[in-house]
Structures are given as C-alpha cells and as structure tokens.
Amino acid sequence: MSFPVVEKFVSINGESICAGEPAVFIRFRGCDLNCSYCDTKWANSISAPAEMLSAKDISSYVESTGITDVTLTGGEPLLQKDIKTLIEMLVSNGHRVEIETNGAHPIDVLAASECRPVFTLDYKLPSSGMERFMLTDNYKYLDTNDAVKFVSGDINDLEAARAVIERYRLTEKCKVYISPVFGKIEPEQIVDYLIDNKMNGVRLQLQLHKYIWDPDRRGV
C-alpha cells in the first residue's frame, strides 16, 4: 500500500474553515477532472514526478512537523484507494484531517467512519467545464464541520452557485464559501452579489496563499 505524493509541506490553510491556520499538506498525484482554472494541473498527470510513500511514511512525516491539522489534497485524494487507512492512522494519532475533494466522488463511506475526516467539497460551476460531474448526493452526509466551496469566474457562475445553495439548503448543513477564480472576477463583484441577493450564511473567501506568496509558487 503506497501513495503517489507530489508534495508534502507545512504552510497555512489558504481557504475553507481553517483558513489562516498552520497545516501539513499532503498532495497526491492524479485528478479525473480538468477544470479550466485549475492551478495544480502539474500534479494531475499520471506522469507527474511523485514519491511513493506508505501510510506509515506519511504519518511519520506529519508527526515530525509538530502540526496538528492535516490537509489531504491533490490532484484528487479520493482517487487513492487506501485513503481510508491513512485517515484512520492520522486521526488515531490525534490529527484533524481535512480532505479537499473535487465533488465528483462519493464520501458516504468516509463520512460514516469512526475516524471521520472533515470534508471540503468543491462544486464545479459552469466556467470550470466540469459541472456535469458533480455528485450532489454527497450533501446528505455533510455536517457543520464540513464545507462546500464554489469557485466563481463570472456572474453566470454566481447565479449557478446561488441556485445550488438554495436547492440543497447548504447553509443549514455546512459552511458555504464562494471564492473568485484568481484574476477573472473582482472580489468586490462577489460581495455585491451576496448583498444584493441576501445570501445569508454564505461567505466570500480569498485564497490567502495567493496573496501572501506568488500565485504560482508551489509548496505553500
């Protein structure tokens, strides 16, 4: 049992519930979506250079950092068939484990696990080109520790996000964030939209790491 890890590093969470808090990041190789705005395309190819690490290797690295929060990302972490074993190991060692997933894979088994991770699900809006793959059945397994994130590139995306949020009553289940596609829409436009449409319980979120460091920098 081994995992193709393209990056492992310590930084702050750039987004979602624990934005701004220190975290250990484990980035896996491979994704089955191809979003127009993806900022980790280099990690999505099956030919991307990666370390093959066991769950024990990853756990040992996490322990060595002294950081409690762990973010499993990609690529798409739910493509890793033994991800449940890794999560159980990390949670059993006292870590808060967050999975950043593209929203196209079922979370029911992990959500029912005794060592349940925290989920941050993307909903891919029209400008991503991947909306047809969204698995909205996942929303029944979310709780207040989880989040759904909408990355929006234009007003059409914002309209689509509002429809999904209202249809599935997401603000009653979990945290809900709308983030701009970096460089495509001004955050002020999103703020105006939230206010004009009285989107109570929905939060604007900026990707902190892209404002602190160069937007294309890896390992942050």
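Me: What makes the contact between the side chains of Arg96 and Glu98 a salt bridge?
Reply: In this predicted model, the side chains of Arg96 and Glu98 meet at 3.4 Å, N to O. The cut-off asks for a side-chain nitrogen of Lys or Arg within 4 Å of a carboxyl oxygen of Asp or Glu, and the pair is therefore called a salt bridge. Side chains of opposite charge can pair when their charged atoms come close.

Me: How many salt bridges does the structure hold, and which parts does the one between Asp143 and Arg116 tie together?
Reply: The structure holds 14 salt bridges. One of them joins the side chains of Asp143 and Arg116 at 3.7 Å, N to O. Asp143 lies in the loop between strand 6 and strand 7, and Arg116 in the loop between helix 4 and strand 6, so this pair ties together parts that are 27 residues apart in sequence. Asp143, with a relative accessible area of 26%, is partly exposed, and Arg116, at 23%, also counts as partly exposed.

Me: Why are Arg162 and Glu159 said to be separated by about one helical turn?
Reply: Arg162 and Glu159 are 3 residues apart in helix 5 (residues 155–167), which means about one helical turn between them. An α-helix has 3.6 residues a turn, so residues three or four places apart point the same way. The closest N and O atoms of this salt bridge are 3.1 Å apart, while Glu159 counts as partly exposed at 36% relative accessibility.

Me: Why is the pair of Phe9 and Phe25 called stacked?
Reply: A search of the whole structure finds 4 aromatic pairs. In one of them, Phe9 and Phe25 lie 5.1 Å apart centre to centre, with 10° between the planes. Ring centres must lie within 6.5 Å for a pair, and planes under 30 degrees apart count as stacked, so the pair of Phe9 and Phe25 qualifies on both counts. Phe9 lies in strand 1 (residues 3–12) and Phe25 in strand 2 (residues 22–28), so the pair ties together parts that are 16 residues apart in sequence. Phe9, at 9% relative accessibility, counts as buried, and Phe25 is buried with a relative accessible area of 7%.

Me: What makes the pair of Tyr123 and Phe150 tilted?
Reply: The rings of Tyr123 and Phe150 are 5.6 Å apart centre to centre, with 40° between the planes. Because planes under 30 degrees apart are stacked and those over 60 are edge-to-face, the rest being tilted, this pair is called tilted. Tyr123 is in strand 6 (residues 118–123) and Phe150 in strand 7 (residues 147–152), so that the pair links distant parts of the chain, 27 residues apart. Tyr123 counts as buried at 7% relative accessibility, and Phe150 is buried at 0%.

Me: How do you know that the charged end of Lys8 sits over the ring of Tyr61?
Reply: The charged end of Lys8 is 5.4 Å from the centre of the Tyr61 ring, and the distance limit is 6 Å, with a further condition of within 35 degrees of the ring normal. Lys8 is assigned as sitting over that ring.

Me: Why are the buried residues of helix 2 said to line one face?
Reply: The buried residues of helix 2 (residues 55–65) are Ala55, Ile58, Ser59, Tyr61 and Val62. Seen down the axis of helix 2, these buried residues fall within an arc of 160°, so they line one face of the helix. The face turned away from that buried side carries the exposed residues Lys56 and Ser64.

Me: Why is Lys198 called exposed?
Reply: Lys198 has a relative accessible area of 65%, and since exposed means over 50%, Lys198 is therefore exposed. Lys198 is found in the loop between helix 6 (187–196) and strand 9 (202–204), and its phi is near 50°, a positive value in a residue other than glycine.

Conventions. Residues are numbered from 1 along each chain as its sequence is written. This is a predicted model: local features need pLDDT of at least 70, side-chain atom pairs count only at pLDDT 80 or more; totals for chains, interfaces and linings use all residues. Side-chain values use heavy atoms; hydrogens and water are left out. Rings of Phe, Tyr and Trp (its six-membered ring) pair if their centres lie within 6.5 Å; planes under 30 degrees apart count as stacked, over 60 as edge-to-face and the rest as tilted. Helices (H or I, at least four residues) and strands (E, at least two) are DSSP runs, numbered from the N terminus. Buried means under 20% relative accessible area, exposed over 50%, partly exposed in between (1.4 Å probe, protein chains only). The arc is that of the directions from the helix axis to the C-beta atoms.
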